[in-house]
Amino acid sequence: MVNEVSAKAKNMWQKSIVANLALGFEPEIEYPHKWQALQRYQEAGVSYISLHVATDATSLERTVLTIASITEKIKEKSEYYRVIKSPEDILQAKLKQQLGVCFIFQGTNPIAKSLDMIDVYYQLGVRSMILSYNIRNAVGDGCAEQTDSGLSRFGIKVIERMNRVGMLIDCSHTGYKSSMDAMGASKAPVIFSHSNVHVIAPHPRNLSDELIKACAATGGLIGINGIGVLLGDEDATLQKYVEHIDYIAQLVGVQYVALGTDEIYFPEIMEEFLNNNSVMYPQNYSKATKPKTATGWNCIRPHQLIEIVEILLQRGYTETDIENILGRNYLRVVQQTWC
């Protein structure tokens, strides 16, 4: 654990675009303090967050209502938040010390098998979709599915439409073959917004070297997940977090790594959440995901993120490398993707 953060690290944090590519905010997370959780990122100096506003369990109607409600709330709190629809919005959020909020789906079921809904959601501010969330949907298999059948014919059409509209393709939670199919079919960068290294932490959610290399070949990136069981360290230490950054940087290059902590800010209801959504969390996945110790769902918190800068400096990363990891890598990807 880093006890002190140097003046250099603090200065870098203050001037950098800091992007966190994963925070669960879906209606299925029935937790009364969601907005306080989001506020902590703004107070910590984070510039941008990918807000998961729907999953494969969310209906089309509920998804639209959720987006409408969150959009209105952000308007009411415009001093602190900004809806992100373009790369320029990210830059403006940083300039005005706001937290830029971008709408993301964890799964493609909210489009209700309609390609036209991809266009509609884009107009509502949705800028990325995870293709399948753990289990099979109409697009393809998830990472916890019994089979590994890859993308469906419909899934290929979804990739084509997302490319055309300018929506970013995300393969976190998606099966190996579906991910490889997507990266082969996409004409734009593909990301894994909150996934880790399988060699370090063998888990159904984490990525083989082959997947990491294929992602880099698209020009995409991997956001490092901060949940202890996915880090391979149930204490969720920052050193272990940076170990995953190091591995990807050495394997494919520092330009292909980012932050995607996926904080579990609702640990007291996590077991209830998993039980209520047990279809999406099959037994083999839940056993691998559930902590083995009584300490529970440890993960990286927003106030800790600045300490990552200090560790990276101590490990010899350049200022440019660190700025890229914090947010510039992601800005590059969306500049190449969003229309």
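## Close-up views of a predicted model

**View 1. Val64, Val120 and Leu124 form a nonpolar surface patch of about 190 Å².** Patch members have over 30% relative accessible area and no salt bridge; nonpolar side chains (Val, Leu, Ile, Met, Phe, Trp, Tyr) are joined within 5 Å, like charges within 9 Å. Areas come from the Shrake-Rupley method with a 1.4 Å probe, and for residues only the protein chains shown count as cover. The model is predicted: local features need pLDDT of at least 70, side-chain atom pairs count only at pLDDT 80 or more, and totals for chains, interfaces and linings use all residues. Residues are numbered from 1 along each chain as its sequence is written, and side-chain values use heavy atoms, with hydrogens and water left out. Val120 sits in helix H5, residues 116-123. Helices (H or I, at least four residues) and strands (E, at least two) are DSSP runs, numbered from the N terminus. Val120 is partly exposed because its relative accessibility is 39%. Buried means under 20% relative accessible area, exposed over 50%, and partly exposed in between (1.4 Å probe, protein chains only).

**View 2. Helix H5 has a buried side and an exposed one.** Met117, Ile118, Tyr121 and Tyr122 are buried in H5. These buried residues line one face of the helix, because down the axis of H5 they fall within an arc of 145°. The arc is that of the directions from the helix axis to the C-beta atoms. Asp116 and Gln123 are exposed, on the face turned away from the buried side. Cover for the buried residues includes helix H3 (60-76), strand E4 (99-106), strand E5 (126-130) and helix H6 (153-165). Contact means heavy atoms within 4.5 Å. Just after H5, Gly125 takes a positive phi of about 110°.

**View 3. Asp116 and Arg161 meet in a salt bridge, 3.3 Å from N to O.** Asp116 lies in H5 and Arg161 in H6, so the pair ties together parts 45 residues apart in sequence. A salt bridge is a side-chain nitrogen of Lys or Arg within 4 Å of a carboxyl oxygen of Asp or Glu. Arg161 is buried, with a relative accessible area of 13%. The structure holds 13 salt bridges.

**View 4. Lys15 forms a salt bridge with Glu323, with the closest N and O atoms 3.5 Å apart.** The pair links distant parts of the chain: Lys15 is in helix H1 (residues 7-15), Glu323 in helix H14 (residues 319-337), 308 residues apart. Lys15 is partly exposed at 45% relative accessible area. A network of salt bridges links Lys8, Lys15, Glu319 and Glu323.

**View 5. Helix H7 (residues 176-185) holds Ser178.** Ser178 is buried, with a relative accessible area of 0%. Leaving aside neighbours within four places in sequence, Ser178 contacts Gly140, Asp141, Asp148, Gly150 and Leu151. Also in H7, Lys177 and Asp181 are 4 residues apart, so about one helical turn separates them. Their side chains meet in a salt bridge (3.5 Å, N to O). Lys177 is partly exposed at 37% relative accessible area, and Asp181 is partly exposed at 24%.

**View 6. Ala144 lies in the loop between E5 and H6.** Ala144 is buried, with a relative accessible area of 5%. Not counting residues up to four places away in sequence, Ala144 touches Asn134, Pro282, Asn284 and Tyr285.
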